[in-house]
Amino acid sequence: MPSNEFEFLRTKEILAILDGDTTFEEIHLADGTSFKISLPRLSGPDLCALSTQFGLPVTYSWSGGSLSRWQYLDNLMEYSIKNNKCSDLLSYLFSKKQFSSMLSGHSPEVIEDAYKKIITSIVQHINGSLYFGGHELVIERGNFTIRKIGTAVRIEAPKIKNIDREYIISISTRAMDDVNQKNYDSAITKSRTLLEEVFCYVIEKKGVQPVTSGNISDLYRQVKSLYNMHTDSNTDRRVNTLLSGFEKIISSISEMRNKDSDAHGVGASRINIDEHHARLFVNAAVSMADFILAVEKKANLDSSK
């Protein structure tokens, strides 16, 4: 018996459903169109990018020797289970945004109806695989869980990973080691991952679920809203300028991560960076992470007075 019931999803049959390899019955839409039901197909580079996004840096090898797609997903599932991120991973895979290329061009009403039918069908097929083991996949209030058939769903509060200045220093040290070894892509990936983890940490400290859009700027906007970090006329101009600068840091790191990180293959959109650029990115991410952590600690102190 697995120690974590999400382990039941780590079969090749279910992984093939989750990575979009398996198609099911045809769905007929109200506007007369139809297509086979499946989750969007994730390529090898897609799965590497997704793994890195969730905190497991993976590089796709374009020169051969890459893992099978189901193996990339299985490694990500294993990592997500160990780090209590499996519900978030499934939320991402099943999110409506993932179906944009499949459903775009239809009316909002048709999209909503089709999306519900697709998700219902896929969950039913997964549960067909889980049935003889006595388990089922359940979605409740946006959370995914595996339960024994016939038992009530109990959603536990997320376990918040402890993040402090020592943790930030540890990540920055590893990122700088990458820079010194001229592995700039990995350094940039670690910079983004550090920010994502710090943002998620301070969001969860407020008892709120981090957004699962995969966009680091969305996480930062959530942090700003929860901690009242918006610039206003009552705040010192220099502080407002600093906050505006942080916005640009987030935007730049997010853009560089999309165009030049080790989660994506070589292509026309990649840019070559020098060592001093990589150092700037790491130092900027560390400063930002340290500042956000200080904002959270101050908010906690103020609320306890």
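A nonpolar core is a set of buried Ala, Val, Leu, Ile, Met, Phe, Trp, Tyr and Cys residues joined through side-chain atoms within 4.5 Å. Keep that in mind for the first exercise, and remember throughout that the model is predicted.

**Exercise 1. The cores**

Task: Find which residues touch the most other members of the largest nonpolar core, and which helix gives the most to this core.

Solution: 
- Start with the members. The largest nonpolar core has 44 residues, and Leu9, Leu18, Leu90, Leu93, Phe94 and Ile126 touch the most other members.
- Next, look at where the core residues come from. At least two residues each are supplied by helix 1 (12-18), helix 2, helix 3, helix 4 (86-93), helix 6 (108-130) and strand 4 (143-148).
- Helix 6 gives the most, with 9 residues.
- Now take Leu9 as a worked case. Setting aside neighbours within four places in sequence, Leu9 is in contact with Ile14, Leu15, Met77, Leu90, Ile126, Leu130 and Ile146.
- Finally, turn to the other core in this exercise: a second, separate one of 26 residues, with Tyr167, Phe199, Val223 and Ala289 among them.

**Exercise 2. Aromatic pairs**

Task: How many aromatic pairs does a search of the whole structure find? Work through two examples.

Solution: 
- The search finds 6 aromatic pairs.
- For Phe54 and Tyr92, the centres are 6.1 Å apart with 80° between the planes, an edge-to-face pair.
- Phe54 lies in the loop between helix 2 and helix 3 and Tyr92 in helix 4, so the pair ties together parts 38 residues apart in sequence. Both Phe54 and Tyr92 are buried.
- For Phe99 and Tyr115, the ring centres are 5.7 Å apart and the planes at 75°, so this pair is edge-to-face.
- Phe99 sits in the loop between helix 4 and helix 5 (100-103) and Tyr115 in helix 6, so parts 16 residues apart in sequence are tied together.
- Check burial last: buried means under 20% relative accessible area. Phe99, at 1%, is therefore buried, and Tyr115, at 16%, is buried too.

Notes
Residues numbered from 1 in each chain as written. Predicted model: local features only at pLDDT ≥ 70, side-chain atom pairs only at ≥ 80, totals over all residues. Heavy atoms only, no water. Buried < 20%, exposed > 50% of the residue type's maximum accessible area, 1.4 Å probe, protein only. Helix = DSSP H or I, 4+ residues; strand = E, 2+ residues; numbered from the N terminus. Contact = heavy atoms within 4.5 Å. Phe/Tyr/Trp six-rings, centres within 6.5 Å; stacked < 30°, edge-to-face > 60°.
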